[in-house]
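User: I am opening this model and would like a guided look. Could we begin with a helix?
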Amino acid sequence: MRNIKYNIGIMFALGVLMLLFLFSEKRNNRRKVVQDKVEFIGDQRLFLSEDFVNKLLIQKVKNDSIPTKETLVLKEKEDLIKDEVYVDNAEVYMSVNGHISAQVKQRVPIARIYGAQPKYIDVSGKLMPLSKNNSVRVPLVYYFLPKHKTDLLVLLEKIKEDYFLEKLVVGINCLPNNTYGLRMRNHDFLVHIGNISQLDLKFKNLKAFYAKAQKDNLFDAYALVNLGVTNQVICTKI
């Protein structure tokens, strides 16, 4: 008899604990989700603002109400943000206290394609429209065709990683036979580099030319500087 009462007591206690657990879980699931913060990965926010991403996070909520943990689907929120043309990647997560946060990585333009419908091209070679909210100072690319993309990305990356060239080059001409020309800041002459082979050597020769031209004040004397001939700098006077 004593064992029966003991077992009944154990079962009753377990039942009470189960009810408390279910009540607590249901209450936790019904807790309103509070939006916490939007974090942008990288040192530039570029085209998107926190307010804009916040508006994306509160879209598609059931019954137009504040979402709860039961109705909120984080994957849908991530996909909604990733669908934005300026977003490279996004992660949406929720803390144990119901706060929702997002980490957003924006696409980084590396050049601007000049034309009737100008676009940016990013570091992965994808095109994206210009933004009404912000503009980025990057080299202008003229006469671009899809066939130029692979070579152009190599050339742009080489320019970007060199402090001297990054400050100096303001434009790139895509020329016939997969050759390229550089437009230089504060100077009217064009630098013809040929194809993208031996870029390190060509840019080394360009820097040597600049040092010589600056020393002798020769910049205004030339219309074309040709680096396309192996290990030579051929200058054409005006």
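Analyst: A residue is called buried at under 20% relative accessible area, partly exposed in between and exposed over 50% (1.4 Å probe, protein chains only). The model is predicted: local features need pLDDT of at least 70 and side-chain atom pairs 80 or more, while totals for chains, interfaces and linings use all residues. Numbering starts from 1 along each chain, and side-chain values use heavy atoms, without hydrogens and water.

User: Which residues of α4 are buried?
Analyst: In α4, Asp151, Leu152, Leu153, Leu155, Leu156 and Ile159 are buried. Helices (H or I, at least four residues) and strands (E, at least two) are DSSP runs numbered from the N terminus.

User: What should the span of helix α4 be?
Analyst: Its 12 residues, 149-160, should span 16 Å at 1.5 Å a residue, and this agrees with end C-alpha atoms 16 Å apart. The expected span is 1.5 Å times one less than the number of residues.

User: On to the sheet. What is the strand order?
Analyst: The open sheet has nine strands with mixed pairing, in the order β6-β5-β4-β7-β8-β9-β10-β11-β12. Strands β6 (127-129) and β12 (234-237) stand at the edges; each has a single partner strand, so one side of each is left without a neighbour in the sheet.

User: How many bridges join β4 and β5?
Analyst: The antiparallel pairing of β4 with β5 (residues 119-122) runs over four bridges; strands pair if DSSP finds at least two.

User: Which residue stands opposite Lys119?
Analyst: Opposite Lys119 of β5 stands Ile113, and β4 covers residues 109-113.
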